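The structure comes first, followed by the notes.

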Amino acid sequence: CSHFGSCGEKNNGFDVLYHNMKHGQISSKELTEFIRERSTIEETYARSMTKLAKSTGNFSQLGTFAPVWDVFKSSTEKLAGCHLELVRKLQELIKEVQRYVEEQAKAHKKTKEEVAPTLEAVQNIQTISQALQKSKENYNAKTLDQERLRKEGATQRDVDKAGVKAKKATETYKSYVEKYATAKSEFEHRMTETAQKFQDIEENHILQMKEIIRSYSQSVEETHALLGEVQNEFVRNIENTSEENLIQKLAETKGTGKERPENSFYSSSDSEDEDEPRKFHVEIKPVQPNNGMHQNRATIDELKASIGNIILSPSTSVRNLHPKQLRRCDTRGRQRHFSFSGTSRGPSPVTLGSLDALPIAVAFTETVNAYFKGADPSKCIVKITGDMTLSFPMGIIKVFTTNPSPATLTFKLMNTSRLEQILPNQQLLHSDSSQSNSDCKGYCFNMQALMSYLRKVSEQNPSASYFNVDILKYQVLTDGILSTPLNLAVYWKCTPSTTDLRLDYRYNPDSMTSPGPLTNVQILVPVDGGVTGMQSIPNSVWNSEQNKCLWKLNDISDKVDNDGSGSLRAKFELSNGPSTPSTLAVQFMNEGSTLSGVDMELQGSGYRLSLIKKRFATGHWLIQCCRWVPSEDAGGKHILIT
């Protein structure tokens, strides 16, 4: 039954197994102390590395070699961070071991109570064994005395007297033999069960200890991998810091210019309106659905193809802003105008010093595409894509010019478990696994490439206040209609003389991480059949030239009536019916939230976020109809056909 013995020499197996169990708890505590000592060593080393990194600030800042100390400082700080991360992991592991030690102590206490009957059986058989041995010795002695007296010719009285004693010794010996047999049976039964308990405890103990060691080994291995990455980054930064760059930076820092002076002792300053607050304005021009059934069919097929085959391509573009305004176009060609308020904390970017934390802004813009087929939610097709853009002020170019080795710009992209695909700008970004886990991805900029980009676009547009850089694109994991912020279903009833239309909508706050109102909601419905009159609730506008009905709705949210649910109804009078149900187009937008919940956190020093903007808007958002069959065609009943 068990690899452990059930008896042992002199029936001492129980004591051996019990003390072996107690030694397991001692081993657990000793392993805790070992990991704690390793953690202390790593922490001491990390603090020493941090102190070494700070000491580079005391080195000479003169000469062409001075900027290289920044590379040493950054690399040494990251090395210290790697060891501190190992300290954190070891501290967490120590907590796990301590929890196991506590659970182990409870298990041992419970086991001690459970094996108490076995201990009694052990003590009983040991006592009986000793008594049996003594009775056996007494039996042998009395029997030999009787035999000796008989051989020596002793009197019959002495022989009889010795026989009585021998008989009594025989009965006592026989009694202990029987008691021993009973005690042995109980002992073996109890000991077999107890030995199995002890074996189970030891097997679990060994498994737990191996799991702890595996976690310890993995933490050390991950740290070694991070150290290797930091070293590789150090080598790359040194290689990128060429002799020409160092000499050029020295000339730019210490020189007085490339041209000889004019007669003026004054230079032009930056425009005075750099610090004026800028308003935020969004203008969306809706794209009108195509006319005619054939064109509607083409639109649906095009939507299905585009939604089902969205491919994210890494962006390498660097876009610049006008001093007052940035103009962007979305996937549908609509122009959007953004003006940011160089109102953030700190000095104007134009007057930034090399020691100031450099302000940058980030914008997350997501496009949600959806195709609703009738009222069946399982047939809803959804694709959500997003862009992440960083905005750099013009003043940062001047800072980079005077500092050939600026602090590496690193950041975490948070909540990435909700993303299906991430495509970073590979010309500018490197993955930073030291900052990554299952729900976030770390990235660091190739600073030489970034500075080269910004310098190039600043030369092309020296009057710009900001420069926008598309740094990554992503695709969001979706769950059909549950991922759409506005759920829709449309119903048609078409007869030769009239067309009845009903559109049901429902606001879905669960699709957003921070629910906010849907604004600029517009719904466009093409209706053919020669419309001569229209009635609608709420009021809509009929365009007789395009044969389309347009609703413009107030903001939709869970703060309005019916928690953002409602219906649109319209009745159209026809001269050439019946109408052919067409595909509806819907648009809306939201400022201040995203559907993915992705976010950004800057890491390290040297930079600060002055503004984070989040928004999403519709791309292709079309609804195919459910249709009421006229009563005369359905045996007097209204039925729905998808």
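Phe72 is partly exposed, with 31% relative accessible area; buried means under 20%, exposed over 50%, and partly exposed in between (1.4 Å probe, protein chains only). The model is predicted, so local features need pLDDT of at least 70 and side-chain atom pairs count only at pLDDT 80 or more, while totals for chains, interfaces and linings use all residues. Residues are numbered from 1 along each chain as its sequence is written, and side-chain values use heavy atoms, with hydrogens and water left out.

**Surface patch**

- Phe72 lies in helix α2 (residues 68–114); helices (H or I, at least four residues) and strands (E, at least two) are DSSP runs, numbered from the N terminus.
- Together with Phe65 and Ile238, Phe72 makes up a nonpolar patch on the surface, and the three have about 250 Å² of accessible area together.
- Patch members have over 30% relative accessible area and no salt bridge; like charges are joined within 9 Å, and nonpolar side chains (Val, Leu, Ile, Met, Phe, Trp, Tyr) within 5 Å.
- A salt bridge is a side-chain nitrogen of Lys or Arg within 4 Å of a carboxyl oxygen of Asp or Glu.
- Accessible areas come from the Shrake-Rupley method with a 1.4 Å probe, and for residues only the protein chains shown count as cover.

**Strand β5 and its partners**

- Of the 13 residues in strand β5 (residues 381–393), 10 are buried, so β5 is largely enclosed by the rest of the structure.
- Strand β4 (residues 358–373) pairs with β5 in the antiparallel sense over 11 bridges, where pairing requires that DSSP finds at least two bridges between the strands.
- Thr365 is placed opposite Asp387 of β5.
- Strand β10 (residues 466–476) also runs antiparallel to β5, joined by 10 bridges.
- Ile384 has Val476 in β10 as its bridge partner.

- Leu119 belongs to helix α3 (residues 116–152) and is partly exposed at 32% relative accessible area.
- The C-alpha atoms of Leu119 and Phe187 are 9.0 Å apart, although 68 residues separate the two along the chain.
- Helix α8 (residues 447–460) has 14 residues and spans 20 Å from first C-alpha to last, close to the expected 20 Å; the expected span is 1.5 Å times one less than the number of residues.
- Buried residues in α8 include Met447, Leu450, Tyr453 and Val457.

**Cysteines**

- The structure has 0 disulfides, a disulfide being a pair of cysteine sulfur atoms within 2.5 Å.
- Cys440 is buried at 2% relative accessible area.
- Cys494 is buried at 8%.
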